[in-house]
Amino acid sequence: MKHVNLYFILLALLLSSTANATGPRVSPSLISTASDIYTIKLPPFVDPGNQYACYLGEVVYSVLHEQKIDAVLTGLPLQSMVKYYLLNDNALGALSPYLHLTVSQKKDLIIIPIDTVNESYYYYKPNHPDGLAWKGKLKRLSGLRFGTIKGDVVEKYKQAGIKIKLSRIDVLIKKLVVNEVDFVRLPDLTVAWYVGKQFADQKDNFIKMPTPAGNLPLAIMFNKKHPQGQINADKFKQGLDKLKSGGQFQQIQLQYIN
Amino acid sequence: MNNIYYLFFILLFNFVPTSVAKESSKVVSPEIIGLSSERLARIDKLINQQVNEKKIAGSVILMARQGKIAYLKASGQADIGKPMQADTIFRIVSMTKPLTSTAIMLLYEQGKLLLSDPVSKYIPEFKNQKVIEMLPKGSGFPYKLVPVKREVTIHDLLTHQSGILYLASTGWFPNPKREQVVGFYRDAGITDGFCRPDEAIGDMVKRLAKLPLYSQPGETWEYGLSVDVLGYLIEVISGAKLDTFVQTEIFDPLKMQDSHFYIPKNKISRLSADWESDWKGKLTRVTEPLIDGDLALCPQDAYQTSGKYLSGGASVLSTAYDYFRFSQMLLNKGELEGTRLLSRKTVELMTATNHIGKHDATLLHSHGWKFGLGFAIQQDRSHNVDSGDIGVFEWAGYYSTRFSINPKEQMITIFLSQTSPFEAHFGLWDKIMVLSTSAIAD
């Protein structure tokens, strides 16, 4: 009788769902719960590979953390993809550099300015030993090749007879050196960063034209179409104000800008 | 003093044989291994005809059976005024892929990865990938991006089921979806690895990971940059650069002395030129990049003696003899001359007839050819490729190189040329395979 009971118990164990279940061979959740704020790479302002050690990254994460906003900065290699996720996929938000949105594209976005940085035109001295005659009138650069990123507004350059060469930001400096473009327009700090990384031994060969090219606004944009867009925008704005009034913003700014 | 120099040269030339001498000394009489010399001579005739008609500039063909080389012939010229030699070095391009796949399997055997591992476990940029879906004409936007149903695994990369493309595929199988994905590749500076850009492979792979996949992982067979991703994966997992890892773990143990990711200075003179042929008698030495739509070939980059770019799918330069040693290791199920690289079970896994289910590896072959872990494998005879046997595994390179391993007949055939365009040599290759197989005389 004892044996019969033992067999019964063993049989029950073997047939039980617990014994049969080995669990599905699938990885944990494919999608994290945090919402994405998309951005391209523009060091030293945005560096998705090093998010806590770049200007905008540090500002944005300080505010997200302080305001308990469940979001992450997600780097993409193309501005067009940032635009896609923001405008077609209703992503929570994006960082502004080089998105060049139209007025109608901006109507569903809440844009919170963070800072503005100087942009300049640069050329590579060995390819132009006599310098480039830029004094504010683009026509003086007619016939030359302007290196810029896809999606940039280039009408004024075309009208001035300047040829447009499209490239990625991270190779624009290399294109100057190999003489595939004559000049580029980038934030001064970005040029310094790439020259430091790629051509540290010849930084004196990268010449900044004296007349400023303009400003690049740095902003975060929240999407009204995202369920948390408006709420998170309000929280972010509040958090950014606190960061500025508390002096932490200026500390971060000093760390990267000066 | 002069006598010392004299003695030095005597020693040098008597005790350090050149590679050619070394390779030639290993060739045995075909009859010893069940091949017909008379029938093998038909290959001479075929190649001589191709060279005389200026369809190809030259080639090296190696045939081996039962571990012994029975045929090693260099024909035509390697460069202008330079005859082809048995030890001429070739851009083997996609024949790099089986080497990289083998390197992955070495890490697999060390317990450092599982083939079922998601790639994102090692390269976080592969997390949360998206797949492109084209929208009907007239939609406000041409496409949408949808989440992957499951993540890309290492097995997907080995078998080209990741949904990652080659840019050049727009020329092979044009369609709007492919054009859209390749458009992303172009804008993001992704290249096929046939040129050597000034960046580390990891930087390119990280950008690639953020671009949309052509198809859901596992749902199509698409030949592409998957093995370049594997190359970077080797760097991440092993902590060594890809070239260093392959050198120490494959080239050195197998004594592949003339295989390199970047050519050493002292071997530049042994590197074959690349030739462009119209296959009608016009043969031109290539000196500039060959651009055809999205296909970009930079044969001159092979003369670089150093660089950052290490493509696991395309960078290796090698000789017929070296690739024979690698092939023989696979044919021996992981061992060569007492050195065991892989276990028998791992090679059996790599060469298992079908790793791609209902899909077929139709790029170089036809329906009925499947894909293992690094090469195409013949599954049955219901296809229109003349050559081969069931179980034969082989692959090729873009400058007209090809290898074939026939486990049933214990036979290896290697054809190395440097002729573009690639597609034109299919017929020649099939004929070489027919002639080599029909030389079996036992």
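This is a predicted model: local features need pLDDT of at least 70, side-chain atom pairs count only at pLDDT 80 or more; totals for chains, interfaces and linings use all residues.
Residues are numbered from 1 along each chain as its sequence is written, chains are lettered from A and ligands numbered from 1 in the order in which they are written, and side-chain values use heavy atoms, with hydrogens and water left out.

**Entry: a salt bridge within chain B**

I looked up Asp87(B) and Arg270(B), whose side chains form a salt bridge at 3.5 Å, N to O. Asp87(B) is in the loop between β3 (82-83) and β4 (90-91) of chain B and Arg270(B) in the loop between α10 (242-251) and β7 (275-277) of chain B, so the pair ties together parts 183 residues apart in sequence. Helices (H or I, at least four residues) and strands (E, at least two) are DSSP runs, numbered from the N terminus.

**Entry: chain A against chain B**

I listed contacts (heavy atoms within 4.5 Å) and got 21 residues of chain A touching 22 residues of chain B. Two salt bridges cross this interface. I noted that Lys174(A) and Asp198(B) are joined by a salt bridge through their side chains (3.7 Å, N to O). On the side of chain A that touches chain B, β2 (71-75), α4 (79-88) and α7 each supply at least two residues.

**Entry: cavities**

I used a 1 Å grid over the protein atoms alone, a cavity being a set of points where a 1.4 Å probe fits but cannot get out, with lining residues having an atom within 4 Å of a point. Grid points are joined across faces, edges and corners, and a volume is the space filled by probe spheres set on the points. I counted two cavities of 30 Å³ or more.

The largest cavity holds about 110 Å³. Its lining has 16 residues, with Gly193(B), Phe194(B), Arg196(B), Ala314(B) and Tyr399(B) nearest the centre.

For the second largest cavity I have about 50 Å³. Residues lining the second largest cavity include Val392(B), Ser404(B), Met411(B) and Ile440(B). I also noted that β17 (401-406), β18 (411-416) and α13 (426-437) of chain B each give at least two residues to this lining.

Notes:
A salt bridge is a side-chain nitrogen of Lys or Arg within 4 Å of a carboxyl oxygen of Asp or Glu. On a 1 Å grid over the protein atoms alone, a cavity is a set of points where a 1.4 Å probe fits but cannot get out, and a pocket is an open set with protein on both sides within 12 Å along at least five of seven lines; lining residues have an atom within 4 Å of a point.
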